[in-house]
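Let me put it up first.

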Amino acid sequence: MVQVRMESNLLGTNDLLARNNRRNFARRRLLVINLMSSPGSGKTTILEKTIENLNGKLNLGVIEGDLYTDRDAQRIEQKGVKVVQINTEGACHLDAGMVDKAFHNLPDGPLELLFIENVGNLVCPAEFDLGEDYKAVVMSTTEGNDKPVKYPLIFREAKVVLLNKIDLLPYTNFSLQQFREDLAQINPMASVFYISGRTGEGISEWNDWLLEEVRSKRA
Amino acid sequence: MHELSLMQSVTELVKESALQNNIHKISKVKLVVGKFSMALPDSLQFAFAAIAAVEPLLEAAVLEIELRSVICRCLECNIRTEIDENYSFICSNCASVSLEIIQGRELYLDYYEGE
């Protein structure tokens, strides 16, 4: 009987590819945000509203991750932004290899800000580094205020949290106070924006923040 | 959710190494899994059993999982705090919220045994 020591990180291949992506993005001084949420919380609608509101102030690109279909990419393309769709064909998250491939398939031209819209899932995407500058988590009032305590890793990892469907707040049992208290325990450093992808509420504050982040990245 | 593909990576790593080390029968595979990784021990065991059923090298193997708790180091006072299931990231010594996770995100193949 022999014992063979391995000490092999099971996500080692992904981490290596993510480091390559990060180097590649940094060389272009490109700000990259990994946008994550549960299905149906409004990531694509937020992106549409963000693109409209920025109104050409930034050179934007979007990598759309979905299990199937290119519906989201079509929606983004209609807004006149560079976009490429990844279909994971059932896989529950994007990985750094998929992002590298997609990035090289983006139409040519200047880019300052790249959104990677991850597969709708609050579990697995949290664990896969894509080489992004940071993670942004979207949650919506209709999902209930207990998401941060139920999915602590993704909320801990996020630099920014977007609370969407804020216009529907009066019609839900969502407790803003409990949400703030829970998030303060898990991730007190996170920036929080209260927005509505439908009405556009809060989008300009979120965009001002994005403009500032891009500015400091390129400074 | 992706425990099966994780166990497939484990199998590949073990198979390749076993071939190099002239090992034909594996009796134990040991993983280290942090509580703040998204891999569930039960699902890993289930995936391992599914793979071992069709992989002769692993048919007699058991999977041992060492679960590691989440531990943070305070960036203000350097004291370590173990984070419980409430996931309250606050230093137990100085109440600072500037904490760095130093344990609990592990997900690695530690060793295997065989002959």
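In what order do the strands of the open sheet in chain A come? I read 4-3-5-2-6-7-8, 7 strands with parallel pairing. Pairing here takes at least two DSSP bridges between two strands. Strands (E, at least two residues) and helices (H or I, at least four) are DSSP runs numbered from the N terminus.

Housekeeping: this is a predicted model, where local features need pLDDT of at least 70 and side-chain atom pairs count only at pLDDT 80 or more, while totals for chains, interfaces and linings use all residues. Residues are numbered from 1 along each chain as written, and chains are lettered from A and ligands numbered from 1 in written order.

Next I looked for the edges of the chain A sheet: strand 4 (82-87) and strand 8 (191-194) each pair on one side only. Neighbouring strands in this sheet are turned by 20° on average, direction ignored. (Angles run from 0 to 180 degrees between N-to-C directions, with axes fitted to C-alpha atoms, for helices over the stretch in contact.)

Then I checked one pair inside the sheet. Strand 2 (residues 31-37) of chain A runs parallel to strand 5 (residues 113-117) of chain A, joined by 5 bridges. A:Val32 of this pair faces A:Leu114 in strand 5.

Over to chain B. I found 7 bridges between strand 1 (residues 26-34) and strand 2 (residues 62-68), also parallel. B:Val33 sits opposite B:Leu67 in strand 2 of chain B. With helix 2 (residues 41-52), these two strands of chain B make a right-handed β-α-β unit. Right-handed means that, with the strands pointing away from me, the path from the first strand over the helix to the second runs clockwise.
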